Amino acid sequence: MAVAKKPKTANVVTVGCKIPNGLVLRVNDVEVTIAGSNSSKVIGGYGLTQVDADFWSAWLERNSGLSFVRNDFVFAHEKAASTKAQANEMADEKTGLEQLDPNAKPAGITDLDK
């Protein structure tokens, strides 16, 4: 399987991904690793990755029904500024994959009397 390197064409999109570990996107024999919210370049909780636009279109066509795509936890724009703006707008959206607060108690749980 071929691993796509950083796009060398001017025809790129910037992908935002709020899934913590990112994703490996595959189309035919090409795979591209998308940075997630645990990466070093994060805006609004979204990892940002530049991807070839044709690759993104092909992947999106095959995967547009996935819940994380429908809910905009993975999205792309031609302009990086547009991706950053959407990431900032959606910063408070929860994926359900966030870290748990170790000090928060689930509903119905109380401390044991000593």
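This is a predicted model: local features need pLDDT of at least 70, side-chain atom pairs count only at pLDDT 80 or more; totals for chains, interfaces and linings use all residues.
Four strands make up an open sheet, ordered β5-β6-β2-β7, with antiparallel pairing. The edges belong to β5 (42–43) and β7. Each of these two has a single partner strand, so one side of each lacks a neighbour in the sheet. Strands of a sheet pair through backbone hydrogen bonds, and the pairing can be parallel or antiparallel.

Now count the bridges. β5 and β6 pair over 2 bridges, in the antiparallel sense. Within that pairing, V42 has G47 in β6 as its bridge partner. β2 and β6 run antiparallel and are joined by 6 bridges. β2 also pairs with β7, again antiparallel, over 4 bridges.

How many of the residues of β2 are buried? The count is 6 of the 6, so β2 is largely enclosed by the rest of the structure. Burial takes in both faces of the strand. V12, T14 and G16 are buried on one side. V13, V15 and C17 are buried on the other.

Helix α3 (residues 80–89) lies across β2, β5, β6 and β7. The direction of α3 runs at about 145° to β7. Helix α1 packs on the sheet too, where it touches β2, β6 and β7. The direction of α1 makes about 110° with that of β6.

Look at α1 in detail. The helix spans residues 53–63, and its buried residues are A53, F55, W56, W59 and N63. Seen down the axis of α1, these residues fall within an arc of 155°, so they line one face of the helix. On the other side of α1, D54 and E61 are exposed. What covers the buried residues of α1? The cover includes β2 (12–17), β3 (23–27), β4 (30–34) and β6 (46–52). It also includes α2 (67–70) and β7 (74–77). The N-terminal end of α1 is capped by D52. A side-chain oxygen of D52 lies 3.1 Å from the backbone nitrogen of D54.

Next come the aromatic rings. A pair of aromatic rings is described by the distance of the centres and the angle of the planes. How many aromatic pairs does a search of the whole structure find? It finds 2. Y46 and F75 form an edge-to-face pair, at 5.2 Å centre to centre and with 65° between the planes. Y46 lies in strand β6 and F75 in strand β7, so this pair ties together parts that are 29 residues apart in sequence. Both Y46 and F75 are buried.

W56 and W59 form a stacked pair, with 5.3 Å centre to centre and 25° between the planes. They are 3 residues apart in helix α1, which means about one helical turn separates them.

Finish with the loops. The loop between β3 and β4 holds N28. N28 is not a glycine, yet its phi is positive, at about 55°. N28 is exposed, with a relative accessible area of 59%. D72 sits in the loop between α2 and β7. Phi of D72 is near 60°, again a positive value in a residue other than glycine. D72 is partly exposed, with a relative accessible area of 29%.

K18 lies in the loop between β2 and β3. Is K18 buried or exposed? K18 has a relative accessible area of 7%, so it is buried. A polar atom of the K18 side chain lies 2.9 Å from the backbone oxygen of A91. Beyond its neighbours within four places in sequence, K18 has contacts that include S37, G44, G45, Y46 and F73. M90, A91, D92, E93 and T95 are also among the contacts of K18.

Technical notes. Residues are numbered from 1 along each chain as its sequence is written. Side-chain values use heavy atoms; hydrogens and water are left out. Buried means under 20% relative accessible area, exposed over 50%, partly exposed in between (1.4 Å probe, protein chains only). The arc is that of the directions from the helix axis to the C-beta atoms. Contact means heavy atoms within 4.5 Å. A polar contact is a pair of N or O atoms within 3.5 Å; within protein, one must be able to donate a hydrogen and the other to accept it, and residues adjacent in sequence count only if both atoms are side-chain atoms. Two strands pair if DSSP finds at least two bridges between them. Rings of Phe, Tyr and Trp (its six-membered ring) pair if their centres lie within 6.5 Å; planes under 30 degrees apart count as stacked, over 60 as edge-to-face and the rest as tilted. Axes are lines fitted to C-alpha atoms, for helices over the stretch in contact, and angles run from 0 to 180 degrees between N-to-C directions.
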